[in-house]
Amino acid sequence: NGAAGGYLTAGGKTGSSEQGTVWFSGFAPAETPEWVISVCVQDGSAGGVEAVAVFRYILDHISLLDGRI
């Protein structure tokens, strides 16, 4: 899935506004969620491509800090 980090599965939902703001709210790990992360990007592209990338970056770093990688 596009939201999954390099080390954990994840799920979530993208959204966008008419003013160009995009967002992604997701959770991980998908099987037994422990974290919820919401990212909002102004002037983003449709589907929250940039917001999902930031979500993955944060998720990968949480995995590292939590000792999962």
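Modeller: Gladly, and let us begin with a term: buried means under 20% relative accessible area, exposed over 50%, and partly exposed in between (1.4 Å probe, protein chains only). This is a predicted model, in which local features need pLDDT of at least 70, side-chain atom pairs count only at pLDDT 80 or more, and totals for chains, interfaces and linings use all residues. Residues are numbered from 1 along each chain as its sequence is written, and side-chain values use heavy atoms, with hydrogens and water left out.

Biologist: In what order do the elements of the protein run from the N terminus on?

Modeller: Helices (H or I, at least four residues) and strands (E, at least two) are DSSP runs, numbered from the N terminus. The protein has one helix and three strands. From the N terminus on, the order is β-β-β-α.

Biologist: Is Thr21 buried or exposed?

Modeller: Thr21 sits in the loop between β1 (11-16) and β2 (22-28). Its contacts, meaning heavy atoms within 4.5 Å, include Gly15, Cys40 and Asp43, when residues up to four places away in sequence are not counted. Because its relative accessibility is 19%, Thr21 counts as buried.

Biologist: And which residues does Gly15 touch, not counting residues up to four places away in sequence?

Modeller: Gly15 belongs to strand β1, and its relative accessibility of 14% makes it buried. Its C-alpha atom and that of Ala51, 36 residues apart along the chain, are separated by 9.6 Å. With residues up to four places away in sequence left out, Gly15 touches Thr21, Val22 and Trp23.

Biologist: How many bridges join β2 to β3?

Modeller: Two strands pair if DSSP finds at least two bridges between them. β1 and β2 run antiparallel and are joined by six bridges; Lys13 has Ser25 of β2 as its bridge partner. β2 and β3 form a hairpin with six residues between them, and Phe24 has Val39 of β3 as its bridge partner. These two strands also run antiparallel, and the number of bridges joining them is seven.

Biologist: What angle lies between the planes of the aromatic pair Phe24 and Phe55?

Modeller: Rings of Phe, Tyr and Trp (its six-membered ring) pair if their centres lie within 6.5 Å; planes under 30 degrees apart count as stacked, over 60 as edge-to-face and the rest as tilted. The structure holds one aromatic pair. Phe24 lies in strand β2 and Phe55 in helix α1, so the pair ties together parts that are 31 residues apart in sequence. Phe24 and Phe55 form an edge-to-face pair, at 4.9 Å centre to centre, and the angle between the planes is 70°.

Biologist: Is Tyr57 buried or exposed?

Modeller: Tyr57 is placed in helix α1, residues 49-65. Because its relative accessibility is 56%, Tyr57 counts as exposed.

Biologist: Lastly, what share of the residues of the protein count as buried?

Modeller: Phe24 and Phe55 are both buried, and so is Gly15, because its relative accessibility is 14%. Of the 69 residues of the protein, the share that counts as buried is 35%.
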